[in-house]
Amino acid sequence: MSTTAVHSLWTTAAEPLDKIPAPHIEYAQLAPTLIVVGAAILGVLVEAFVPRRSRHYTQVFLAVVALTAAFAAVVGLAAGGYGTTKAHIAAMGAIAVDGPALFLQGTILLASLVAVFTFAERRLDPAAHGNRIDSFAAQAGSVPGSDSEKAAVRAGFTTTEVFPLALFAVAGMLVFPAANDLLTLFIALEVLSLPLYLLCALARRKRLMSQEAAVKYFLLGAFSSAFLLFGIALLYGYAGSVSYARIADVVDGTVQTIDPALAGTMGNDALLLIGGALILTGMLFKVGAVPFHMWTPDVYQGAPTPITGFMAAATKVAAFGALLRLLYVVLPGLRWDWRPVMWAIAIVTMLGGAIVAITQTDIKRLLAYSSIAHAGFILAGVIAVTPDGVSSVLFYLLAYSFVTIGAFAVVTLVRDAGGEATHLSKWAGLGRRSPLVAAVFAVFLLAFAGIPLTSGFSGKFAVFRAAAEGGAGALVVIGVISSAIAAFFYIRVIVLMFFSEPKPEGPTVAVPSPLTTTTIAVGVAVTLVLGVAPQYFLDLAGQASVFVR
């Protein structure tokens, strides 16, 4: 072969390089996520350049402004019709801008904003060495009980990095339910999970328990990520693409063009079934469904309580949003395969969470098992496979997230010499010692139990009605039985608070700053409004229940 021929080969091969298309990104439609990411990066710079004594207030201000601005951006997009008529796929196919995405993003941002107030609380513990302290370790890198930790406490250090870490987690949560291809989904999962692993390890009291919780969460989270990644690889082999719409087309059999390199595996049902199962396993880990729930009670108990409330509310919203999109957009053609499996998981999750919660003696573990039971109730709505199913799940997530953050905010107030008094025996007679706090906690417990005139009743009613209309009547019966079992242990706590004698050495109820008071007040207000007059929000969820493809 002559040199000219070789030369012409090289030149022809190199020519298309200057024709690489520039990416087309709709920045305005991605504004909510971009605002939060920008603020998180600013928060990292604040840690580097702002004097230590000013950092706490700077970070709180930055986080609150960012979350408020991002929520305003979501409202603006919804008002501009991006949830309904203008719904489309943005960022070159990576992100869906549609009703469910905007509704879930708005819920995550509001819940995170309220949760950040509990992060910033500094009046619950007595001042140490003249410095006000919060729920987080003085110096995260120091060994618990070591001289360096004691020196950090004396110097009045605080871990203000929790605010940028929380913002990074929120950014991941905003992308997670809106992801429109499997790689974006995986990256969003990692961005929301990694900051949470760190945040779980930062408790000021019970440091070793907190670090143990973080390690358990990290190990099991890594497992779920591995399942998800393996499932993505198999689905790519099956469909020749990671795009949701393309995979759905191959599942339906409507795809025309087949890549010759993938002709051997494309359309191989074994890859589809195993890949789909692995991806669903990764998702069910995140929502805390049985049998993938083992991390939940330990992590909820060991993490700092403000972090537990944030995680319990916002992560569940993001994970259920992503699960809905996968089942309704990517795998509707597999409905006959995944519905029986999800039936079984919903049943064991509802019953398992409710029955095991009865035996708990720690209030945070009790709320953790209650959250597992709630994951089962939400799965009943997911199984409905109707537009009503989607809207009922969206409404339930909105109602559940505020009740959860409010309940965990109340848990931070009940204290003894060792910090938070989470053992149930310490809560005996709380209604006589501090009637207002006990009454507020009772409202949240009644909402969890699904008693009428609370948001929990409206949410459960919507989910069970959608499931019954979708042909899952038996599931509704089991759901009602589980709710009755769950009501027993919620009401047991109320009886313990109001009808037991307070012990003389019992805990005190700390007087919070306006920040935690706001969190609890918002929780109660949302619980009562969604319980007494839910129709506007049900209609809103109904309008936002159509996925774009």
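Analyst: Helices, as named here, are DSSP runs of H or I with at least four residues, strands are runs of E with at least two, and both are numbered from the N terminus. On that basis Leu45 belongs to helix α2, which covers residues 31–49. This is a predicted model, in which local features need pLDDT of at least 70 and side-chain atom pairs count only at pLDDT 80 or more, whereas totals for chains, interfaces and linings use all residues. Residues are numbered from 1 along each chain as its sequence is written, and side-chain values use heavy atoms, with hydrogens and water left out.

Leu45 counts as partly exposed because its relative accessibility is 43%, where buried means under 20% relative accessible area, exposed means over 50%, and partly exposed lies in between (1.4 Å probe, protein chains only). Together with Ile41, Leu42 and Phe49, Leu45 forms a nonpolar patch on the surface, and the four share about 420 Å² of accessible area. Such areas come from the Shrake-Rupley method with a 1.4 Å probe, and for residues only the protein chains shown count as cover. Patches take residues with over 30% relative accessible area and no salt bridge, joining like charges within 9 Å and nonpolar side chains (Val, Leu, Ile, Met, Phe, Trp, Tyr) within 5 Å.

A salt bridge, for its part, is a side-chain nitrogen of Lys or Arg within 4 Å of a carboxyl oxygen of Asp or Glu, and the whole structure holds 15 of them. One of these joins Glu47 to Arg55, with the closest N and O atoms 3.7 Å apart, and both Glu47 and Arg55 are buried. Another joins Lys216 to Asp298, whose closest N and O atoms are 3.0 Å apart. This second pair links distant parts of the chain, since Lys216 sits in helix α8 and Asp298 in helix α11, 82 residues apart. Lys216 counts as partly exposed because its relative accessible area is 29%, and Asp298 likewise counts as partly exposed, at 23%.

Helix α8 itself (residues 207–239) has 33 residues, which at 1.5 Å a residue should span 48 Å, and the 47 Å between its end C-alpha atoms agrees with this; the expected span is 1.5 Å times one less than the number of residues. Lys206, in the loop between α7 (182–200) and α8, has a positive phi near 50° although it is not a glycine. For context, most residues other than glycine have a negative phi, and most peptide bonds are trans. In helix α7, Cys200 is buried, with a relative accessible area of 0%. Leaving aside neighbours within four places in sequence, its contacts (heavy atoms within 4.5 Å) include Ser210, Ala214, Tyr217, Val299 and Gly302.

Helix α15 (residues 387–411) can be checked in the same manner: its 25 residues should span 36 Å at 1.5 Å a residue, and the 37 Å between its end C-alpha atoms agrees. Of those 25 residues, 23 are buried. Val390, which lies in α15, counts as buried because its relative accessibility is 1%, and, not counting residues up to four places away in sequence, Val390 touches Leu324, Tyr328, Ser545 and Phe547.

There is also an open sheet of three strands in the order β4-β3-β5, with antiparallel pairing, where two strands pair if DSSP finds at least two bridges between them. Because β4 (419–420) and β5 (508–509) stand at the edges with a single partner strand each, one side of each is left without a neighbour in the sheet. Two bridges join strand β3 (residues 414–416) to β5, and Arg415 has Thr508 of β5 as its bridge partner. The side chain of Arg415 also meets Glu420 in a salt bridge, at 3.6 Å from N to O. Arg415 counts as buried because its relative accessible area is 7%, and Glu420 is buried at 16%. Salt bridges that share partners join Arg415 and Glu420 with Asp125 and Arg205 into one network.
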